[in-house]
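Subject: Structure handover

Hello,

Here is the structure we talked about. Please open it next to this note.

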Amino acid sequence: MAAYAALLSLKHIIEQIQLHPRPPIYLDQNQVHSLTDTLNFLQDFLEVYSCGGGSSSEAADVLESRIADATHAAEDIIETWIVDQILGGERMSSDELYQGLEKLIQDMGFIKKDVMEIKEKNIGIIEDHSLHTNSPTLGGLSSSHLTTKQETVVGFDELLVEVMDKLTGQPSNLRIIPIVGMGGIGKTTLARNTYAKPLIMHHFDIRAWVTISQNYNVREILIEILLCIRKDESREILSSKNEGELGETVHKSLWGRRYLIVLDDIWSVEVWDKVNFFFPDNGQGSRIVITTRLSNVASIGSRGLEMNFLDDDTSWDLLCKNIFEKEEDCPHELEEIGKKIAKNCKGLPLSIVVIGGLLANSKHTTEHWEYISENLNSIVHLEDNERCLKVLLLSYNHLPVHLKPCFLYMGVFPEDRKIHVSWLIKLWVSEGFLKPISGKSLEVVSREYLEDLCDRNLIRVHQRGSNGKIKVCNIHDLLREVCLREAEREKFLYVPRKHSLNIAQGINTQRHIIIHQSESETGYLLDVLQVHNTLLSVPLARSLMCKFMLLPSHPGSNYRLLRVLKVVDKHSYSGYHASDSIEAVLQLVNSRFLAIGADWQNFRFPSSVYLLWNLQTLIVKDMFYAVAPSVIWKMTQLRHIEFGLLDLPDPPLGGDDDFVLGNLQTLLKIRNFKCGEEVVKRIPNVKKLQICYLEEFEGCSSYSLNNLVRLHKLESFSCFFYSQKKPHRNDLLRNLILPNSIKKLALRGTNLYWDDMKTKIGLLPNLQVLKLQYNSFVGPEWETVEGQFCNLRFLQIYTCSDLEWWTTTDSSHFPRLEHLVLCNMDKLNEMPPCIGEIPTLQSIELKNCSDSTIISTRRILEEQEELGNVGLRVRVILFNQEHLESLASPNFQIEESR
């Protein structure tokens, strides 16, 4: 909720001013104490009581609006004062600051008094939150609680069989198979489960999945298809091609092959008309599956499958699966009311799953379930889509208050976007609406909140990393619609809709502005011009996210209070190129999160970057390399630094400049990194470090790499040598000492011997991911031993082309290995037979490896299948696959590298 987020944000600002050694910002201490007391009181009130789902919601909305407005006003005054003090603008005098805050403290005092009267009179405007949830306390979430649920398919068994029959049966000509039904009915779930079946994976030579959505772009559709079918292509290379070139490449890649294309969530016949001629009908039995909500779109194919609502029994079965392990685990006293709740979801799987998430995370009492049932009763007679949205809104209303801002914030991402959690967490932290928990970093708190939202089925896990943590997530478009509606109602986010006639209406008072680029090529220029003019006056904006060149030339004067500027994404390489106006960007002295594009060559950051007193995250894309100023060692709020390549100067010695960057967790990608005494002392809590050496390596002692072992919090470390003069093996053995905290390790060009693995890497007790890239290890033979790699989950060996014999005599040498990837290992004679006996092994991927390695891996798979292990999957990618095609099976995929 906006009010709770505002309270936490203002408390964060006040705390930073009080604790931060710079700038010397003065606030009257009596006012600070008075304001803080009121903020704490209102925060406690909102945490204990829910103002969302009760009968007097209008009165609750008014109360929350008053809290948010007063808090925002105080925030505006304080942050304006900070910016004036740093930039010397003096727009506000100290008397104006004092008088302004005094009035707001008075106003908030009136709100506090009203809240106390409400609590004393107990007039029912608010409801005791504890009656209806048993959510973990703000400080009691367990970081070990990992979501492991898969998407549950209930009631669609016959449809699943029918889809598979249509995909694998006659005729041999190209067939279009539509799956039609309303939003949340399970179309994508059905298609995804079919797509992942081993039989389907084996039947088709090529498979590709593309999510279309309402805002489609033909170029992006073609790029997504090519990324699926041409594994060696990168998005950057494909993005440089025009639509005609991409379409021709798709057509050529599919020609003569049996392919399956899934076009998920098509909203118009128009998009099909623009892409269908790229899909050849070559008599190979190819299939295209489309999912859509619209019957007229479904008419473009053969007789499709219409998904209907679940019956009452199946609805109850699905609800139980989302609350309990099994239906019989439901207490007898809850069965009757539970079946009533399932029935009132009207057979819509999404509604059932989300309500199941709500009930699974609340008290299993008859009283609470009856309360949920009564709320559902009031919305069962609405139209299908509106009814589903109301059901989802009910689940939002009963979220613990600390999760509400995090959930609403999901509305900032475009529809159907795969959301990289590393960026999501950085944004949550930068926005300031997370409550600090003693002993935990805000990043850890963020991950716990995300797990909780996933457990409630409000956010979907798309991919987990090797450590079990969520790596990529997404959100159903109906749940995203709930985010947008509620965020708009609470004035939490401003996200103009596709058909908005006046993007400028009301934008000048908005605090979080998100503008997605029009996916229609014809609408792009209009958007740029319209939005550019609109953004000339947004004085209260704290967040601005966009993807095109629409910022004014002097953003510092237009967005004085801005905290978050995001114009590039994790994998995008185009955005706001600030090369001509870096000084203007550095006027954004209130910034906490900057993600920009730049085409600088050997750029030296000016020392004025130091003015960004509260900067936490600095991400710069598209740059060859930059040079940081020495003042970066004074920027103690920095948490994440990510560059294409960055020269980091030595910390200054002597004087009063002995700052410690205790918050710094990420440092990427540092050129010729020197890990001297002063550096180690300044970055004690760094968790992720990437370093590389481009010129001739002068020896470990020149760069003090022996000090890496003193970085006791380091979990992810990458070390790349690109220079012609390789490092000396003995030098690395003596001085490259890694801390036991390492969980992920990537090496390139180290030229160590395979036998060195036993002393340098194998004994790292926490190592989970090991990526051995080009000539990181050299020599013809690697013999592993027992007692090493005790926690290794993922092993990749890439272009260590000397290796001929890999000897592993027992599966206990890799007791927990889950995924093995070998690339360009053309001299390797065979896969160690014992690899197949590793009980945890899930997948093997071989890309451009020797035939003997591929054949021996096929033999390993056969042996495991004979023993009943059907969980192992092997994927082979080759330049020429014809001579090995006979090896293919449902669990042994062979693809051509193009």
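Predicted model: local features only at pLDDT ≥ 70, side-chain atom pairs only at ≥ 80, totals over all residues.

Residues are numbered from 1 along each chain as its sequence is written, and side-chain values use heavy atoms, with hydrogens and water left out.

Helices

Helices (H or I, at least four residues) and strands (E, at least two) are DSSP runs, numbered from the N terminus. H2 covers residues 29-48, 20 residues in total. From first C-alpha to last, H2 reaches 28 Å, close to the expected 28 Å. The expected span is 1.5 Å times one less than the number of residues. Asp28 caps the N-terminal end of H2, with a side-chain oxygen 3.0 Å from the backbone nitrogen of Asn30. Buried residues in H2 include Val32, Leu35, Leu39, Leu42 and Leu46. Buried means under 20% relative accessible area (1.4 Å probe, protein chains only).

H13 (residues 312-323) has twelve residues. Its C-alpha span is 17 Å, close to the 16 Å expected. Asp311 caps the N-terminal end of H13, with a side-chain oxygen 3.3 Å from the backbone nitrogen of Asp313. Among the buried residues of H13 are Trp316, Leu318, Leu319 and Cys320.

Leu732

Leu732 sits in helix H27 (residues 729-735). Leu732 counts as buried because its relative accessibility is 1%. Cys700 is 32 residues away in sequence, yet 6.7 Å away in space, C-alpha to C-alpha. Leu732 touches Cys700, Phe721, Pro727, Thr750, Leu752 and Lys760, not counting residues up to four places away in sequence. Contact means heavy atoms within 4.5 Å.

Cavities

There are nine cavities of 30 Å³ or more. A cavity is a set of points on a 1 Å grid over the protein atoms alone where a 1.4 Å probe fits but cannot get out; lining residues have an atom within 4 Å of a point. The volume is the space filled by probe spheres set on the points, which are joined across faces, edges and corners.

The largest cavity holds about 130 Å³. It is lined by 15 residues, with Ala5, Ala6, His72, Phe492 and His512 nearest its centre. H1 gives the largest share of that lining, four residues.

The second largest cavity holds about 90 Å³. Its lining has twelve nonpolar residues, no polar and no charged. Phe605, Met635 and Phe643 are among them. Strand S18 (residues 640-647) gives the largest share, three residues.

Best wishes

Conventions:
Buried < 20%, exposed > 50% of the residue type's maximum accessible area, 1.4 Å probe, protein only. Polar contact = N/O pair within 3.5 Å; in protein donor to acceptor, adjacent residues only side chain to side chain. 1 Å grid on protein atoms, 1.4 Å probe; cavity = no way out; pocket = protein on both sides within 12 Å on 5 of 7 lines; lining within 4 Å. Nonpolar A, V, L, I, M, F, W, Y, C, P; charged D, E, K, R; others polar.
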